Amino acid sequence: MKSDPSSPERSGTLYIVATPIGNLEDLSPRASSTLAGVSLIAAEDTRHSGRLLQFLGIQKPMLALHDHNERNRAAQVLDRLEAGEDVALVSDAGTPLISDPGYVLVREARERGLRVSPIPGPCAMVAALSAAGLPTDRFLFAGFLPAKRGARRSALEELVTETATLVFYESPHRILETVAQISEVMGSGREVVLGRELTKTFETFYAGPAGDVSNSIEADPNGARGEFVVMIHGAKRNPEQGDAEAVDTDRLLQLLVAELPVKKVAKIVAELTGRSKNELYQRALELKPE
Ligand code: SAM
């Protein structure tokens, strides 16, 4: 598992290991053999990950690395890597660094030229998107929305016109409030899909217009419990946008052509709009007053 077996001074490899988001069978054989092969496992919560290791029958030294001590602990991990030991990083669930600790460590490891290798696997955001039935060609994952109402509203307002599918993580305590705000800010008709308790016994998808989805959650006795991924259909592209641009270009040509020679007008507007000079020349001729 060393980074470069031909190098005399081999540094260790930092493995970023994805772990299950609910169903333990989702842990890949490669994740398991990687955890069994490293010298040290850095974990967001050593007690939590300790249970996973126990389930796998793996006993390894562990080091707690979480948001509050990452800078300091990263230095310790980097020293061990530089000394030639392989280290695995795991978070409580899913893929480390995805709304989880690890960024400081990975960034620093790369800056020091150390090998960082992902062991891919579960990720709530990807799992939710893959089964939601929303467009996945373009999506914007924005982690957790702010906990405070006002800041959350502003964050949603900034995304109102975003045409990519939007994906967030949300805590069960705020899920109803967040859905209500999505409806207020983005309109009650905006399509929303919530993925709850993915890969677990009570896995549920609630889908529908933002104004109705909270009714489905409220009608379900377990509705607001468990973990949630919130997905929102991107804003519809405004079909009139293209025409509006054409109208503006026409208006510009009209105004300029009344004052300047057609050739000059075509040159200026081509520069401004990036459109073809020949095409604008023809259009300017059409719009030129008699
Ligand atoms: N790193 C993780 C990943 O790869 O998905 C995410 C960690 S983040 C701290 C935890 C959040 O992910 C939860 O609050 C919830 O929004 C979402 N999440 C994690 N597991 C989930 C599951 N089984 N079903 C739905 N959402 C889940």
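**Exercise 1.** In this predicted model, classify E177 by its relative accessibility, and do likewise for R152. Then state how the two side chains meet.

*Solution.*
- Step 1. E177 has a relative accessibility of 33%, so E177 counts as partly exposed.
- Step 2. R152 has a relative accessible area of 0%; buried means under 20%, so R152 is buried.
- Step 3. A salt bridge joins the side chains of E177 and R152, with an N to O distance of 2.8 Å.
- Step 4. Helix 7 (residues 175-186) holds E177 and helix 6 (residues 149-158) holds R152, so the pair ties together parts 25 residues apart in sequence.

**Exercise 2.** Which parts of the chain does the salt bridge between D250 and R283 tie together?

*Solution.*
- Step 1. The side chains of D250 and R283 form a salt bridge at 2.7 Å, N to O.
- Step 2. D250 is in helix 9 (residues 241-257) and R283 in helix 11 (residues 277-287), so the parts tied together are 33 residues apart in sequence.
- Step 3. D250 is partly exposed at 22% relative accessible area, and R283 is partly exposed at 30% relative accessibility.

**Exercise 3.** Locate the partners of the salt bridge between E82 and R112, and name the network that salt bridges with shared partners form there.

*Solution.*
- Step 1. The closest N and O atoms of E82 and R112 are 3.0 Å apart.
- Step 2. E82 belongs to helix 3 (residues 70-82), while R112 sits in the loop between helix 4 (103-111) and strand 5 (115-119), 30 residues apart.
- Step 3. E82 is partly exposed at 39% relative accessibility, and R112 is partly exposed with a relative accessible area of 35%.
- Step 4. Salt bridges with shared partners join E82, E108 and R112 into one network.

How values were computed:
Residues are numbered from 1 along each chain as its sequence is written. This is a predicted model: local features need pLDDT of at least 70, side-chain atom pairs count only at pLDDT 80 or more; totals for chains, interfaces and linings use all residues. Side-chain values use heavy atoms; hydrogens and water are left out. A salt bridge is a side-chain nitrogen of Lys or Arg within 4 Å of a carboxyl oxygen of Asp or Glu. Helices (H or I, at least four residues) and strands (E, at least two) are DSSP runs, numbered from the N terminus. Buried means under 20% relative accessible area, exposed over 50%, partly exposed in between (1.4 Å probe, protein chains only).
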